[in-house]
Amino acid sequence: MSTAVAERDVALVDLVDRLLGGGVVIAGDITLAVADVDLVYVQLRALISSVATAQDEGYLPRMGGAL
Amino acid sequence: MRDKLLHAPPDLDPFMGELPRLDDALSRRVNADPESLERGLAQLVLTIVELLRQLMERQALRRIDSGGLSDEQEERLGRTFMELDRRMAELREEFGLTKEDLNLDLGPLGRLL
Amino acid sequence: MIELYAITDNPGPPLPDLAALELVPVDGLAAVCAPAGEADVSADALWHHEEVVEALMADRDLLPVRYGTRLEDEHAVTRAVEERRDELAAALDRVRGAIEVSVRVLPSGDAGRAAVPDAAGGAEYLRQRADEQASQAGTVRAVSEPLAALARASTTSNPRPPELLRAAYLIERDAVEPFTAEVARLQRAHAELSILCTGPWPPYSFTER
């Protein structure tokens with residue numbers, strides 16, 4: 001694989017993160033569901049991230065008393 | 001469009017881990033071979049399990065940090081996580097998956113849809 | 001169907017000739033759109049979309065819209081933008097004169113913990129994990145703090161093994177070189193890390209509060 005192709009491929013990860021997981025979210029009649037699965041991939045990351053943050057900031061309870 | 005790399009290490013390979021599956025998912029290439037479908041499903045499930053495992057482990061460490069767990073509870077908790085970690089490694093091996101494969105990439109599952 | 005590319009408050013400059021772009025003005029803002037083509041999520045389609053947004057960004061500040069956002073017609077676009085008009089205007093103020101860069105950090109070489117845990121017991125396992133996390137957290141701070149200091153704003157995703165850091169930085173348009181130089185310096189200072197920096201990107205990670 002040539003270097004130029006490799007470079008563009010590596011940047012693809014960052015591109016997908018942004019185009020599918022970032023940007024302004026406008027309530028549209030139809031939002032392109034990118035094979036559902038791909039959106040799940042970026043949303044999952046966002047979800048885990050926000051859960052951890054919410055716990056850090058005290059909005060969400062931490063692990064229960066089962067311990 | 002200009003090249004997007006502002007700074008790259010000499011070896012780009014580690015950053016390419018997500019790529020083959022990402023590219024496939026984007027292109028919606030269909031691979032109906034049952035083995036790869038099963039592997040894709042396993043990858044999806046294990047990715048989610050791994051995420052939860054890490055989240056819970058971090059929570060446990062925070063809990064221990066803030067005190068409030070007895071030695072016995074800590075020991076039990078640690079054993080559970082150690083066992084879970086071990087089991088995840090076994091499952092990964094069973095399905096021929098590396099840690100990189102579970103880095104939030106849903107891979108071949110995209111091809112099912 | 002209409003596909004949205006970006007929101008701007010500077011409709012003045014001529015639109016690039018890359019797609020059948022048009023402006024839908026909404027109360028001081030403008031949505032940049034084009035007739036929606038066939039739903040396509042290939043890498044090529046994403047890169048092409050990105051090319052359009054970057055061409056727009058060359059002449060004006062903007063908020064990139066999530067890929068694949070489609071609305072029925074100009075009226076629907078107007079309604080949707082109007083609904084969030086003030087937030088969008090505020091977001092444009094936040095990103096004015098700035099672009100985004102991405103930074104990802106992996107451990108280099110074989111650094112990283114044993115594939116299978118080998119602790120003697122539960123408590124020792126947790127201690128090992130705690131040490132590991134602390135060391136990783138330290139490393140991550142050593143990289144992310146100097147970079148955040150050069151940026152107007154920054155945001156990070158929760159790092160997941162083997163990745164140690166995945167961050168986005170909002171930096172002044174003309175500050176890309178000094179930022180890159182700092183990344184290079186941090187790379188030289190940390191042989192145990194592998195740092196990748198890409199950009200400039202439109203401010204995808206800074207459009208929402």
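Me: In chain B, what share of the contacts with a separation of 6 or more comes from residues 24 or more positions apart?

Reply: The share is 77%, counted over contacts in chain B with a separation of 6 or more. Keep in mind that this is a predicted model.

Me: Which elements does chain B contain, and in what pattern along the sequence?

Reply: Chain B has one strand and four helices. The sequence order is β-α-α-α-α.

Me: How many residues does chain B have, and what percentage counts as buried?

Reply: There are 113 residues in chain B, and 47% of them count as buried. The accessible surface of the chain is about 5700 Å², with 54% of it belonging to carbon and sulfur atoms.

Me: Where is there a nonpolar surface patch, and which residues make it?

Reply: B:Leu41, B:Val45 and B:Val49 form a patch of about 220 Å². One of these residues, B:Val49, sits in helix H2 of chain B, which covers residues 34–65. Patch members need over 30% relative accessible area. B:Val49 has 31%, so this residue is partly exposed.

Me: How far apart in space are B:Arg63 and B:Leu91?

Reply: The C-alpha atoms of B:Arg63 and B:Leu91 are 28 Å apart, and the two residues are 28 residues apart in sequence. B:Arg63 is also a residue of helix H2 of chain B. With a relative accessible area of 25%, B:Arg63 is partly exposed.

Me: How is chain C divided into domains?

Reply: Domain 1 spans 2–95 and domain 2 spans 98–206. Taken over C-alpha atoms, the centres of these two domains of chain C are separated by 31 Å. Domain 1 of chain C puts 14 residues into the contact, and domain 2 of chain C puts in 11 residues.

Me: How many residues are in the largest nonpolar core, and which have the most contacts inside it?

Reply: The largest nonpolar core has 52 residues, and C:Val103, C:Tyr169 and C:Phe179 have the most contacts inside it. Both domain 1 and domain 2 of chain C give residues to this core, so the core lies between them. Another core, of 26 residues, lies apart from it and includes A:Ile26, C:Cys33, C:Ala168 and C:Leu170.

Me: Which residues does C:Tyr169 touch, leaving out those up to four places away in sequence?

Reply: Among them are C:Val101, C:Val103, C:Leu147, C:Ala151, C:Phe179 and C:Phe206. The list also includes C:Glu100, C:Ser144 and C:Ser154.

Me: How should I read the salt bridges, and how many are there over all chains?

Reply: Side chains of opposite charge can pair when their charged atoms come close. Over all chains the count is 21 salt bridges. One of them joins C:Glu87 to C:Arg84, with the closest N and O atoms 2.8 Å apart. C:Glu87 is partly exposed at 47% relative accessible area, whereas C:Arg84 is buried at 14%. Another salt bridge links C:Asp86 and C:Arg85, at 3.3 Å from N to O. Here C:Asp86 is exposed, at 57% relative accessibility, and C:Arg85 is partly exposed, at 21%.

Me: Are C:Glu163 and C:Arg166 buried or exposed?

Reply: C:Glu163 is buried, at 4% relative accessibility. Buried means under 20% relative accessible area, and C:Arg166, with 4%, is buried as well. Their side chains meet in a salt bridge, 2.8 Å from N to O. Salt bridges with shared partners join A:Asp17, C:Glu163 and C:Arg166 into one network.

How values were computed. Residues numbered from 1 in each chain as written. Chains lettered and ligands numbered in written order. Predicted model: local features only at pLDDT ≥ 70, side-chain atom pairs only at ≥ 80, totals over all residues. Heavy atoms only, no water. Patch = residues over 30% accessible without salt bridge, like charges linked within 9 Å, V, L, I, M, F, W, Y side chains within 5 Å. Areas by Shrake-Rupley, 256 points an atom, 1.4 Å probe, with all protein chains shown as cover. Salt bridge = Lys/Arg side-chain N within 4 Å of Asp/Glu carboxyl O. Helix = DSSP H or I, 4+ residues; strand = E, 2+ residues; numbered from the N terminus. Buried < 20%, exposed > 50% of the residue type's maximum accessible area, 1.4 Å probe, protein only. Core = buried A, V, L, I, M, F, W, Y, C linked by side-chain atoms within 4.5 Å. Domains from an automatic or database assignment. Contact = heavy atoms within 4.5 Å.
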